[in-house]
Amino acid sequence: MVFGIVTAAVHTLLGVVLGGWLGGPAGAAVGAAAGLLLGAPFGWAVAGARSYRPDARGGALFVVDHTWSLPNTVLGAAYLAGHLAAGHRLDRDACRHRGRVNLVEGVWPRYATTLGTVCAGAGPGVQRHEDVHILQARLLGPLYLPLVAANYVLFTVAPVWLLYHDHAHAPIDRVRRYFEVGVYPHTWHEAIAYRVQGRPPR
């Protein structure tokens, strides 16, 4: 329960600070409402699913997620809010004491997607892969998302990965596959996660 309350409070306070910086007192009020709108569902999920262990390790992960990795956590909270608004369900057993929030339903049938500490559509066969992304975000903090975005842009316009791509097993014969089996699995964060678990799409 404490983790959930603090989560909602941190998101609300962040909204106040950012809103006040951008728009003075009125902006602070709008920011507080936006922060609470994201933080309350996220706090509910964290508390209801008991995402963080009630020990030193769980507390340390919680602190990292709400300080150094806060930009990733806020994005995950927005992602969670969208899923809940669409009627998607928490996978409470997968969340419990794992330092993440799992959703049963994903965005795309073939893929699990993780933003911040929120993981949607991951089964046992890909959960370790998705946990790598959570670890990457925790390690790199505010640098993680810019580095991921920069790699996508670079590999889209300068496809150096074509030099080492497995053309025999994953031919690129149309535009969609350029991104699906080319750019996507060769980005640094996905390449690392696929080495831990899973096989790149073919």
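Buried means under 20% relative accessible area, exposed over 50%, and partly exposed in between, with a 1.4 Å probe and protein chains only. By this criterion Ser51, at 0% relative accessibility, counts as buried.

The views below show a predicted model, in which local features need pLDDT of at least 70, side-chain atom pairs count only at pLDDT 80 or more, and totals for chains, interfaces and linings use all residues. Residues are numbered from 1 along each chain as its sequence is written, and side-chain values use heavy atoms, with hydrogens and water left out.

View A. Helices (H or I, at least four residues) and strands (E, at least two) are DSSP runs, numbered from the N terminus. Contact means heavy atoms within 4.5 Å. With neighbours within four places in sequence left aside, Ser51 is in contact with Ala45 and Val46 as well as with Cys95, Arg96, His97, Arg98, Gly99, Arg100 and Val101. Arg50 lies in this loop too, between α1 and α2. The phi of Arg50 is near 55 degrees, a positive value in a residue other than glycine. At 47% relative accessibility, Arg50 counts as partly exposed. One of the contacts of Ser51 is His97, which lies in the loop between α4 (92-95) and β1. His97 is not a glycine, yet has a positive phi of about 60 degrees. Its relative accessibility of 27% makes His97 partly exposed. Most residues other than glycine have a negative phi.

**View B. The largest nonpolar core.** A nonpolar core is a set of buried Ala, Val, Leu, Ile, Met, Phe, Trp, Tyr and Cys residues joined through side-chain atoms within 4.5 Å. The largest such core has 14 residues, and those with the most contacts inside it are Phe42, Leu80, Leu90, Val101, Leu103 and Val118. Two or more residues of this core come from each of α1 (2-48), α2 (56-65), α3 (70-85), β1 (101-103) and β3 (118-120). In soluble globular proteins, nonpolar side chains tend to be buried together.

**View C. Leu80 and Val101 within the core.** Leu80 is placed in helix α3 and is buried, with a relative accessible area of 0%. Not counting residues up to four places away in sequence, Leu80 touches Pro41, Phe42, Ala45, Leu90, Val101, Leu103 and Val118. The C-alpha atoms of Leu80 and Cys119 are separated by 8.7 Å, although these residues are 39 residues apart along the chain. Val101, with its neighbours within four places in sequence left aside, contacts Phe42, Ala45, Val46, Ser51, Leu80, Leu90, Cys95, Thr117, Val118 and Cys119.

**View D. The bend in helix α1.** The end C-alpha atoms of α1, which has 47 residues, are only 11 Å apart, short of the 69 Å that a straight helix would reach at 1.5 Å a residue. This expected span is 1.5 Å times one less than the number of residues. At Gly23, α1 bends by about 150 degrees, and Pro25 follows within four residues; the bend at a residue is the angle between axes fitted to the seven residues ending there and the seven starting there. Gly31 is also found in α1 and, at 10% relative accessibility, counts as buried. Gly31 touches Thr12, Gly15, Val16 and Gly19, residues up to four places away in sequence not being counted. Between Gly31 and Val16, 15 residues apart along the chain, the C-alpha separation is 4.9 Å.

**View E. Glu130 in helix α5 (residues 127-140).** With a relative accessible area of 5%, Glu130 is buried. Its contacts, leaving aside neighbours within four places in sequence, are Ala112, Thr113, Thr114, Cys119 and Ala122. Glu130 and Cys119 are 11 residues apart along the chain, and their C-alpha atoms are separated by 7.1 Å.

**View F. Packing of helices α7 and α8.** Helix α7 (residues 175-186) and helix α8 (residues 188-196) pack at an angle of about 90 degrees, with their axes 5 Å apart. That makes α7 roughly perpendicular to α8, a term for angles of 65 to 115 degrees. Axes are lines fitted to C-alpha atoms, for helices over the stretch in contact, and angles run from 0 to 180 degrees between N-to-C directions. Tyr184, Pro185 and His186 in α7 meet Trp188, Glu190, Ala191 and Tyr194 in α8. The buried residues of α8 are His189, Glu190, Ala191, Ala193 and Tyr194, and their cover includes α5, α6 (144-157) and α7. Just after α8, Gly198 takes a positive phi of about 100 degrees.

How values were computed: Angles under 35 degrees count as roughly parallel, over 145 as roughly antiparallel, 65 to 115 as roughly perpendicular and the rest as oblique.
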